[in-house]
Amino acid sequence: MFERMEDMNATQTAPPIGLEEFSQGRKIKNALKNLFGNPYNILVMVTILLLVYFIVVPLAEMISTTFEVAQRDLRRLGAGVQAGDFTLFYWNRLLFSEVSSSLLYKPLLNSLCIALTVSVLSIILGSVCAWLMVRSDLPAKRFFSLAIIIPYMLPSWCKSMAWMTVFKTPRIGGTPGFLTALGVNVPEWLAYGPIPIVLVLTLHYYAYAYLLVSAALGSINSELEEMGEIAGAGKIQILRRITLPLVLPAILSAFILTFSKSMGTFGVPAFLGMKANFMTISTSLYATVKQQQTTTGYAIALILILISSLNIYLNQKAIGSRRSYATIGGKGGRSTLIGLGKWKPLIVFLLVLFVGIAVIGPLLILVIDTFMLKPGVYSLENFSLYYWVGSGNPTIYEGEPGVLVNSRFWTNTWNTMKLVVITSVFGTFCGQMIGYINSRSRGRFSGKLVEQLVFIPYLIPSIAFGAIYLSMFSTPSLGGIIPSLYGTFTLLVLVSVVKHLPFSSRAGTANMMQIGIELEEAGSIEGAGFFKRFARIVLPLSKAGFLSGFMLIFISIMKELDLIMLLVTPTMTTLPYMAFSYSNANMPPYSNVVAVIMFLIVLIVYWLTNTFGNADISKSMGG
Amino acid sequence: MSTIVLQNIDKYYGNNHVLKNLNLTIEDGEFMTLLGPSGCGKTTTLRVISGLEKPQNGKLYMDGELMVNAKELYFAPPSKRMLNLVFQSYALWPHMTVFQNVAFGLSIKKVPKEEIKTRVENALRRMQILEYQDRYPSELSGGQQQRVAIARAIVTEPRVLLLDEPLSNLDAKLRIDMRSELKRLHQELGTTVIYVTHDQIEALTMSTRVAIFFEGQLAQVDTPLNVYQNPADLRVAEFIGNPSINFVSAKGRLEDNVLHITSDVGDFTFGSEHFTENEFPRQGEFDCVLGIRPEQIYLRSSPWHDAREAVVYASQPAGSETLVQIQMGDTRLLVKQVGTRNYQTNQTVYATILENMVTVYNKATGKLIKMAVELDLEAVEMEGSRSSSSIT
């Protein structure tokens, strides 16, 4: 009762309490102040606008372009039609005309078969390797674990160059391959077409399955398996009924990844298929764009996007909410290794054989080939540094100088390094900012929107993404605010940053989630505004993640060919493209030199990453 | 210096109504504890006061100054509220040393370097962790981290100090030490303290007043002694006190302004001078519940005065006290006796209930209708010593 008296006194001494009139004006003013006075809201709004502009608008524009008459097709469509009119001409041509079969259906069927075979094979190969490395008592694990992921560092099309060096037949002209030179009659199906494409892609993509599955296996507590043993299950039963279901989500996401990637991949089918007239959907897309049938090309790209979206949708339905078993087991505490017993020598032998043929082999072939003056002649007299430092002999490849003394090489190296460094810095920064938004607005609409938007580039195969940007930025856009970017360095940076956003922002989110929100709240209690909190709390705490995120994008962009394929111009070229064009011009030794140099750069960066950044490369699936 | 008034505060997380029309006044210099089971809204209340959380409805005043007016979407930022907060997790910045952690707020306020140094050192000295000033939080024990968090909160000399379950991460012994230290700190600094806990012993031993929350609503705001002796309703009565209170079903009837109670444990009459303002039927018989604290029952082995006969159900001697369960008719009562007593199971004992200390609740509403009253000085002294021994 005494309390109540005091309360009354309090209200009397502070007259305004509870007596203010409600003011609609003040409410609106405060609402605006809350919205725009908070830099975080501004950040979110700007991010959403940028994401819409660089991801949604290009996609929408590409879709609408396929329904509009293009200037160059006016004559074909007859009189009375104007550029920009609505038309189903392109879709009709692609889907229901006499060229549909060669333009779309055959390549699509080829691609689907290749993608399916590659996915199944690489998941089997990758999972077996992962199980051996993580759960068995395999010897020399340090060596094997490095050897197994070397394919990841070597771009897939480099491996197809190695394949060509060995199996090339005289049919398409140029110098003969290693086996032909030895007098072996190489059958066509082994030199070109679906079989070499599947083999080369499998030897590349199994590394992804390996990385994902070994991460999942590593997080399983071996007590779960031991419990199975106590319950009386044999080794095979444990593997089938406990281990496999636990890593199933990882296997399924490896499937999405390999399937979409081999659907969209361009380099390997270009090297091993296009010349023999074996088309996949990505080479068909490239060919149509190169033949100035850009609109039809966009329509093909849309079909590619549709297929990868469907694939991801079906997989997510299949995986459902069980996506991350791995985290349930937590860190997994102890992990008891499983003895291979009497199989050990055989398994080690097979693995060494595999590493020798699939991993070291291609690399060795590429390196040796760069030192052979006359291609196909493998003798000591033929050893030469000509393709590295030769000064240009008119009798050899029309006087093209050795790569290291070629000024174009240094321009391209400079371009590549510039592109890679700028994109990595910029891309990492964007990824971290988006990660910050994602981690701080969990469950809010803005956070969900950003997450969804950022995921879109993942759906779009690299070559299609390149096509979109070609369409969007070859003319001035946004009423002239953004000039035509075709052939500029800026466009290459832009496309690389946006395409890698799904990976960089995932790394950024993981990094920012580690910084508890209370650490920031403590800062705002102390009176630190958004920028002070960011500079003095968030940034210092996210430094380590920044570095490893940077390295991941670096490696991935270094190898990038598909994405920039359609965007490079003779004056603005990178190392991967240089290797590609050498190979296209039937100058394999030169392209091999470039490929070997690229591999060295990636290897060094990977080593630095592992030593100083302790980054987990399984987080980056960009290459 | 700082009176805090919360008016009609509503807070939702999505569809979850966490704070329901909350009204609370916290006087200047008070040590106010927000107490309740987990999920009752006490931490949310603290965060609303701190400015980290924006309520959807209601107003907040500090020192007569409007800080929150949800209807007009006005929310003063935390830094304008002259308060500081100790987080349950401490939230020490792992990349800063102890000194830098404590100095952060002052450096944001652009206090001169020299002054920062003296003030930080004073705060660290007060918390007895000056020698650790160059260490990083990860190099400190939990108790030391706790002290850094408190030093960081008091160095800015806030008008209000908010503490969110600060002791919950400490081990039992350290918790008792920190309790007395926090109590001293409050007396020395003279700031208003708002303290969130689910531990009733912390609440009763440290606070000047306790606010008890259930499901986002205030059940009672009172002094610790009153909360213990006269819980406002059955929920509070059950929540406060360890071992918990005995509830006894009874029948009540008002005659000539005197409440007549009949029950298994005896018949009582209470005069109207101890009635509360809560409603109960003025005519006829009605159901009520008696609240009897275990230490307000006395046991003897032999008949004495009007002591009622009972049978020992189980006896739990624990050195400093003995808990005895007795059966009286259909009712089982828990009795707490000081010191070690030995009772045999099924032994007949004689129980006396301290009649004035019995509380009576209207069963239909669950509200208190008759307060416990201490009659003479001796009883007061006895109860004082008893209740304090029961809660430490």
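This is a predicted model: local features need pLDDT of at least 70, side-chain atom pairs count only at pLDDT 80 or more; totals for chains, interfaces and linings use all residues.
Local features are given where pLDDT is at least 70 and side-chain atom pairs count only at pLDDT 80 or more, while totals for chains, interfaces and linings use all residues. Residues are numbered from 1 along each chain as its sequence is written, and chains are lettered from A and ligands numbered from 1 in the order in which they are written.

**View 1. The two domains of chain A.**
Here you can look at domain 1 (40-69 + 402-623) and domain 2 (101-384) of chain A, with bounds that come from an automatic or database domain assignment. Their C-alpha centres are 24 Å apart. Domain 1 of chain A brings 36 residues to the contact and domain 2 of chain A brings 45; two residues are in contact if their C-beta atoms, placed from the backbone, lie within 7 Å. On the domain 1 side, α3 (39-65), α22 (462-473), α27 (575-584) and α28 (588-613) of chain A supply at least two residues each. Helices are DSSP runs of H or I with at least four residues, strands are runs of E with at least two, and both are numbered from the N terminus. The element that gives the most to this side is α28(A), with 11 residues. By class, the domain 1 side has 24 nonpolar, 10 polar and 2 charged residues. In this grouping Ala, Val, Leu, Ile, Met, Phe, Trp, Tyr, Cys and Pro count as nonpolar, Asp, Glu, Lys and Arg as charged, and the others, Gly among them, as polar.

**View 2. Helix α20 of chain A against α24 of chain A.**
The axes of α20 (residues 407-440) and α24 (residues 501-513) of chain A come within 7 Å and cross at roughly 55 degrees. This angle makes α20(A) oblique to α24(A). Axes are lines fitted to C-alpha atoms, for helices over the stretch in contact, and angles run from 0 to 180 degrees between N-to-C directions. Angles under 35 degrees count as roughly parallel, over 145 as roughly antiparallel, 65 to 115 as roughly perpendicular and the rest as oblique. The crossing of α20(A) with α24(A) is right-handed; a crossing is right-handed if the near helix is turned clockwise from the far one by less than a right angle, and left-handed if anticlockwise.

**View 3. Helix α20 of chain A against α23 of chain A.**
Next, α20(A) packs with α23 (residues 489-499) of chain A at about 45 degrees, their axes 9 Å apart. That angle makes α20(A) oblique to α23(A), and the crossing of the two is right-handed. From α20(A) come L419(A), I422(A), T423(A), F426(A), G427(A) and C430(A), and they meet L492(A), V493(A), S496(A) and V497(A) of α23(A). The residues of this contact are 7 nonpolar, 3 polar and no charged.

I557(A) is part of helix α26 of chain A. I557(A) is buried, with 28 other C-beta atoms within 10 Å. A residue counts as buried if 20 or more other C-beta atoms lie within 10 Å of its own, exposed if 12 or fewer, and partly exposed in between, with C-beta atoms placed from the backbone. Setting aside neighbours within four places in sequence, I557(A) is in contact with L419(A), V420(A), T423(A), S424(A), S496(A) and H500(A). The C-alpha atoms of I557(A) and T416(A) are 9.0 Å apart, although 141 residues separate the two along the chain.

**View 4. Where chain A meets chain B.**
At this interface, 28 residues of chain A are in contact with 28 residues of chain B. On the chain A side, α1 (2-13), α2 (24-36), α25 (517-525) and α26 (530-558) each supply at least two residues. The largest share, 6 residues, comes from α25(A). The chain A side divides into 13 nonpolar, 7 polar and 8 charged residues.

**View 5. Chain B and its two domains.**
Chain B has 9 helices and 22 strands, and 43% of its 392 residues count as buried. Its domain assignment gives domain 1 (4-234) and domain 2 (243-391), with C-alpha centres 37 Å apart. Each of these domains of chain B puts 10 residues into the contact. On the domain 1 side, α6 (200-206) and α7 (224-229) of chain B give two or more residues, and α6(B) gives the most, with 3.
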